[in-house]
Amino acid sequence: MKAGVLGACLLALLFPWRLRAGEAAAPAPFFQDGKWGFVDAQGLVAIPPRFELAGEFSEGLAPVAPRMGGKWGYIDPTGAMVIAPRFEAARSFSEGLAAVAEGGRYGYIVRYGRTLIECRFEKARHFSRGVAAGRREGR
């Protein structure tokens, strides 16, 4: 079944950095009938729409919220939930870490879900070149 072929092509044009040398194209999110799913590089449905919210794949995982107002977890490219939904918010992985929120604060987890940096920041950005911006106590 083709879905979002034009959208997948537009994503490739607008976000060419999504591919690294020798890396296969990760599924791209698409919205259909009130749910988010993912299409492959050919525009074929790779993961049927079943998520209320979804983010981009990065480093083999994508943040998803299965229910509106529910917790966020992470899926692999097959659609299997590999990090159970337990976060108030979740961002894409960058340099092996992803910012997640618990208790109204942000911290960082590693690819298998273990907390590496406890949730103590008001805001947290993705890692780039080994550092990430975070806001704590207004600073």
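1. Strand 1 and strand 2 (residues 35-39) run antiparallel to each other and are joined by five bridges. Within this pair, Phe 30 faces Gly 37 of strand 2. Note that the model is predicted.

2. The two strands belong to an open sheet of three, ordered 1-2-3, with antiparallel pairing. Strand 1 (28-32) and strand 3 (45-51) are the edge strands; each has a single partner, so one side of each lacks a neighbour in the sheet. On average, neighbouring strands here are turned by 25° against each other, direction ignored. As a reminder, strands of a sheet pair through backbone hydrogen bonds.

3. How many salt bridges does a search of the whole structure find? It finds one. The partners are the side chains of Lys 35 and Glu 52, at 2.3 Å from N to O. This pair links distant parts of the chain, 17 residues apart: Lys 35 sits in strand 2, and Glu 52 in the loop between strand 3 and strand 4 (53-54).

4. Lys 35 is partly exposed because its relative accessible area is 27%. Glu 52, at 16%, counts as buried.

5. Asp 76 is buried but has no salt bridge; Arg 50, the nearest side chain of opposite charge, is 7.5 Å away.

6. What does Asp 76 touch instead? Its side chain makes a polar contact of 2.5 Å with the side chain of Thr 78. Beyond neighbours within four places in sequence, Asp 76 contacts Ile 47, Phe 57, Gly 60, Leu 61 and Val 82.

Conventions. Residues are numbered from 1 along each chain as its sequence is written. This is a predicted model: local features need pLDDT of at least 70, side-chain atom pairs count only at pLDDT 80 or more; totals for chains, interfaces and linings use all residues. Side-chain values use heavy atoms; hydrogens and water are left out. Buried means under 20% relative accessible area, exposed over 50%, partly exposed in between (1.4 Å probe, protein chains only). Lys and Arg count as positive and Asp and Glu as negative; His and the chain ends are not counted. A salt bridge is a side-chain nitrogen of Lys or Arg within 4 Å of a carboxyl oxygen of Asp or Glu. A polar contact is a pair of N or O atoms within 3.5 Å; within protein, one must be able to donate a hydrogen and the other to accept it, and residues adjacent in sequence count only if both atoms are side-chain atoms. Contact means heavy atoms within 4.5 Å. Two strands pair if DSSP finds at least two bridges between them. Helices (H or I, at least four residues) and strands (E, at least two) are DSSP runs, numbered from the N terminus. Axes are lines fitted to C-alpha atoms, for helices over the stretch in contact, and angles run from 0 to 180 degrees between N-to-C directions.
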